[in-house]
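This report describes selected packing features of one protein chain.

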Amino acid sequence: MQQHQSFADWAEITPTAKIGRDSHGWRAKCLQRLVRLNLPVPMSLGLSFTTVHAIAQGWQPDTAAMLARFAEGQLVSVRPSSENPDWGGPGTILNIGMNDARHAALAEAQGEAAATALYLRFVHTYAVHVARLDPDLFEEDSTDAVTLARALDTYAQEADEPFPQDPARQLAEVLRSMARAWEGTSARLLRQAKGAPAEAGLGLVVQAMALGVAGPDSGTGVMQFVDSVTGRPQVTGRFRAGTHDPTQVAGEGALYLTHDPRGPSLEDRHPDLFAELMRHGEICRAQLRDEMQIEFALEQGRLWVLDATRAKRSSRAAVRIAVALAEDGVIDQAEAVARVQPQALAELLHPQVDPRGPRDVVARGIGASPGAARGRLVFTSGAASASAARGEPCILVRRETTPEDIRGMHAAQAVLTERGGMTSHAAVIGRGLGLPCVVGASGLRIDARAHKVTAPDGRIFAEGDMLTVDGTRGEVLAGPVELLEPALDDSFTRLLDWADAVRDIGIRANADTPADARIARDFAAEGIGLCRTEHMFFEEDRLTVMREMIFADTAQDRRGALERLLPMQRADFIRLFAIMQGQPVCIRLFDPPLHEFLPHGREGLRNLADALDKPLSEITRRAEALAEYNPMLGMRGVRLGITIPEIYEMQARAIFEATIEASRKGAAVVPEIMIPLVSARREVELVKARIDAVAAAVRVQKGARFDYRLGVMVETPRAALRAGEIAQHCDFLSFGTNDLTQMTYGLSRDDAGRFMSAYVQQGVYLEDPFHTLDVDGVGELLHIAADRGRKAHDGLTLSICGEHGGNSESIAFCRAARFDYVSCSPFRVPVARLAAAHLALADRGLGREPPTAR
């Protein structure tokens, strides 16, 4: 091996040493902070990234000189210190320096049993993690002298040399092994998956070990001061006498930390040391500006602080901790906002599986909509509705869902599908409804006819059996498991209030029903950015009238059916306006092709023929005539509004009459009416003329004045390219990025899941464009449309309202393009509010990483 001392390869961690997180790693920097706080930290040396990389390449530092900095015979540990603790690293190696001589000395001072257990543990660790010998050869149930002798003999036979007795050589081999492990291919890929750059460095910390086996007043433990699940103040952890391995604090000899009726505690036996630990915890919280977990050791009654790391925390705990730190003046409100990841909020909005309970996983799929729910299996929408009517929670299981399953999804507690991806029908609707959803559980075999599902391990679950769906983790669990309730408490509300104070883009919600609107209002959405009126027609009483309108023989018959729908639509809009209390409500006119409202299958058509009192042959013929080769590009949206103008006229009248009624009872309403699927200026002119005429007629008939805004939903590439001329006839452009992505790519969102994974893996697309906005392709169309629209119409309002609206990447794009707002499903509104605040804070140079180890 090469040996040279051409650079400062290691340094004692002192208050003034040149130790940096970006040069020595988070652990070395954190230990320096503890030293500066005058906490009792054992002697520690820090090896820089450069040094560790050199060791991996074959260079060896002077480990004898290192050990000379410690007391004679001092055992040491080596701990990893990467720049970010989330990136991991090789495991800590303890008891370096243990050999025959040290074993004999310890046996005389502390007893044969303690010394032998210590030596045996080191031999096992060294053999497996340093010499890379077969771990099975060193598995032993006992820790006596015979076992130790056998382990040393086994090592000599397998390694072709005796177990090393020189502490300097032991340390050198440990450093080399850990350095090379970090630079191995598997370790590099693993940390890259956690967000680390490929060239991320590793530091190492060599630390004196407190002798935790030195009698009853010695041992090791861990202590933290908040509950990791809830974030509430609570002292948790364990202490175990007779060990100096912090990972071995459970088992015989373990003590609780605080007074506990279940057994003895550290507070009972060593009250002064316990009080000292509590003071150290308070100092760490105040000075390291975070909730910390302290790793400590007692050596014959003397307390040592070995390490301090950020306390592990769930998403709900992260919110409570950040808010509490800000309220106590430890950090400011902006930093509290920056510390909570937007996606973490999604877990707070819904029940979650309690991580402390058992998990019997039946199947795994894609967690398409977060949250967890328990219920009995049902296999049809009708069965789901019946179950809801009986007050029994149910899980709707389908191979894949269709628009006909909307009622069943509303009735179910969760949805499970065998097929689909993040942008499948079940996923999109599930997120919109706040319904836990697992899709793409391809290991399941669903037999809808027999009403049973077979799990990958062969277990069979029939209709009525109880399962739990965990949409956060994408797992299906057997039986009813314990759930944590949503955490929409004061901490949640306060954090989002602080986020609103710094964000600079509006956040609206997509809401199709009064129930959706109430959720949006509760989550402080600044209005409704997309109300899809067609979802209002799928209720049973309206569906029949809708079908009568579709099968009407004349325009007069069509108007007659629509007249029956008018009061229903008007009542819907009145409720929406009342809930939103004067906030803007953007209503998209009827969009889907008419065949979506027809039943599938001969039995459904026969029932429809009975309901309409028409021959089955006529119903079948008309249904076939409505069928289209490509419905997405067929008779839908504005094309329906022009060819069957009575539909849009009825909707416009319902909106205007509801506006008058709601304004009389509450805040003034200025509705926004949006025309879908536009591709030409003339379409807007024709629809605008009819809507203006309806508005004039309603004003005269009702003797009331009102204003409204007309806009276009930009979903076709042509509409984006011709936005300049389209904008001359409207007040706003809202980009429907779902369909715009489909048409830009020439790709069906519902079918893309079959090959999207392969495309992303092979680098054809960086991300699924239906999940993350394609800023290069679709984004360029948005830029073109925004620029041309603004030039033609000063004061034009711009927004996006597709599925992308709640994504941080999409919000970043919209901020950069100077859009006025984004609109997303109600349950994504809090996430979007926080994401927008993060982006604004990032512009000010405030990141999310807490300064604990900086």
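## Helices α21 and α25

Helix α21 (residues 555–580) and α25 have axes that come within 8 Å of each other and cross at roughly 35°. The model is a predicted one. The crossing of α21 and α25 is right-handed. Sorted by type, the residues in the contact of α21 with α25 are 13 nonpolar, three polar and eight charged.

Glutamine 651 is part of helix α25. Is glutamine 651 buried or exposed? Glutamine 651 has a relative accessible area of 0% and is therefore buried, the cut-off for buried being under 20%. Apart from neighbours within four places in sequence, glutamine 651 contacts Thr533, Phe537, Gln569, Phe573, Leu589 and Phe590.

In soluble globular proteins, nonpolar side chains tend to be buried together. The largest nonpolar core here has 133 residues, and the members that touch the most others are Leu345, Leu495 and Phe656. Helix α25, which spans residues 645–665, is the largest contributor to this core, with ten residues.

## Helices α29 and α31

A further helix pair is formed by α29 (residues 737–745) and α31 (residues 778–792), whose axes come within 10 Å and cross at roughly 115°. Because of this angle, α29 is roughly perpendicular to α31; the class runs from 65 to 115 degrees. The crossing of α29 and α31 is right-handed.

On the α29 side, the contact is made by Thr737, Leu740, Thr741, Thr744 and Tyr745. Helix α31 supplies Val778, Leu781 and Leu782. Of the residues in this contact of α29 with α31, five are nonpolar, three are polar and none is charged.

## Threonine 716

Threonine 716 sits in the loop that links β28 (709–714) to α27 (717–721). Its relative accessibility is 4%, so threonine 716 counts as buried. Setting aside residues up to four places away in sequence, threonine 716 touches Leu677, Val678, Ser679, Leu740 and Met743. Leu740 is also one of the α29 residues in the contact with α31.

How far apart are threonine 716 and valine 469 in sequence and in space? They are separated by 247 residues in sequence and by 37 Å from C-alpha to C-alpha.

Note on methods. Residues numbered from 1 in each chain as written. Predicted model: local features only at pLDDT ≥ 70, side-chain atom pairs only at ≥ 80, totals over all residues. Heavy atoms only, no water. Core = buried A, V, L, I, M, F, W, Y, C linked by side-chain atoms within 4.5 Å. Buried < 20%, exposed > 50% of the residue type's maximum accessible area, 1.4 Å probe, protein only. Helix = DSSP H or I, 4+ residues; strand = E, 2+ residues; numbered from the N terminus. Axes fitted to C-alpha atoms, helices over the stretch in contact; angles between N-to-C directions. Parallel < 35°, antiparallel > 145°, perpendicular 65-115°, else oblique. Left-handed = near helix turned anticlockwise from the far one by under 90°. Contact = heavy atoms within 4.5 Å. Nonpolar A, V, L, I, M, F, W, Y, C, P; charged D, E, K, R; others polar.
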